[in-house]
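Start with the model itself.

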Amino acid sequence: GIDLQGNRYTLQSEEATSSELDQNVIKMKNVIAIFYFEDDKTLKVSSDEGEYNNKNLDIFFYKNVKAYYLSSQLYAEKARFSNSKKFLTVSNNVKIIDSRGTMEADKLLFDIESKTLNIVSEENKLIKSIINYK
C-alpha cells in the first residue's frame, strides 16, 4: 500500500480474518510490516498480533512488538500507527537500543508531520536512559 504521506509499505501476516465488529478492520497474527521511505531507508515492524483498518489505513501492532530502523531496535507491547492522524504511539514496556545508547519509557509519541518525539513516563516514574558519548 501507500500511506497518506506517499510512502510505500507492505503488510503481511500468517493469518488474517475480518473483524465481526467492523468489516473495515482485518485482525492478523504474526504480523510483519515494512515501510519504505523516500530516502531509501526502511522501517521493519513485527508483532504477534495486529489490526489493519483498510478504510483509514491505520495499523495497530500488539504483543511482542519489535521495530528495526537503521541500527536502532525498539521493543514494546503496543504500537499504533495512525495514518489518518499522522501519528505513531508506542507503549507498554518500551525499550530502545541504539549505538548512541539505550532508553526505557512508558510511552513514545511520534508526530510524523512535525517529526517530533515526546517521551512519557507514568506518574512518579523515571525515564531510564544511557547515552554513549564519543
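Partly exposed means a relative accessible area between the buried class, under 20%, and the exposed class, over 50%. Lys 27 has 37%, so Lys 27 is partly exposed.

**Confidence.** The model is predicted. Mean pLDDT for the chain is 86, and 91% of the residues reach at least 70. Among the elements, strand β2 (residues 25–36) has the highest mean, 94. Strand β9 (residues 128–131) has the lowest, 64.

**Salt bridges.** The structure contains three salt bridges.

| Pair | Distance, N to O |
|---|---|
| Glu 51 and Lys 27 | 3.9 Å |
| Glu 49 and Lys 63 | 3.1 Å |
| Arg 100 and Asp 98 | 2.8 Å |

Take the pair of Glu 51 and Lys 27. Glu 51 sits in strand β3 (residues 42–53) and Lys 27 in strand β2, so the bridge ties together parts 24 residues apart in sequence. Glu 51 is partly exposed at 23% relative accessibility.

Glu 49 bridges to Lys 63. Glu 49 is in strand β3 and Lys 63 in strand β4 (residues 59–69), so this pair ties together parts 14 residues apart in sequence. Glu 49 is partly exposed at 21%. Lys 63, at 40%, is partly exposed.

In the bridge of Arg 100 and Asp 98, Arg 100 is exposed at 59%. Asp 98 is buried at 14%.

**A loop residue.** Ser 114 lies in the loop between β7 (101–111) and β8 (116–120). Ser 114 is partly exposed, with 41% relative accessibility. Its C-alpha atom is 9.2 Å from that of Lys 86, 28 residues apart along the chain.

Conventions: Residues are numbered from 1 along each chain as its sequence is written. This is a predicted model: local features need pLDDT of at least 70, side-chain atom pairs count only at pLDDT 80 or more; totals for chains, interfaces and linings use all residues. Side-chain values use heavy atoms; hydrogens and water are left out. pLDDT is the predictor's confidence in each residue, from 0 to 100. Helices (H or I, at least four residues) and strands (E, at least two) are DSSP runs, numbered from the N terminus. Buried means under 20% relative accessible area, exposed over 50%, partly exposed in between (1.4 Å probe, protein chains only). A salt bridge is a side-chain nitrogen of Lys or Arg within 4 Å of a carboxyl oxygen of Asp or Glu.
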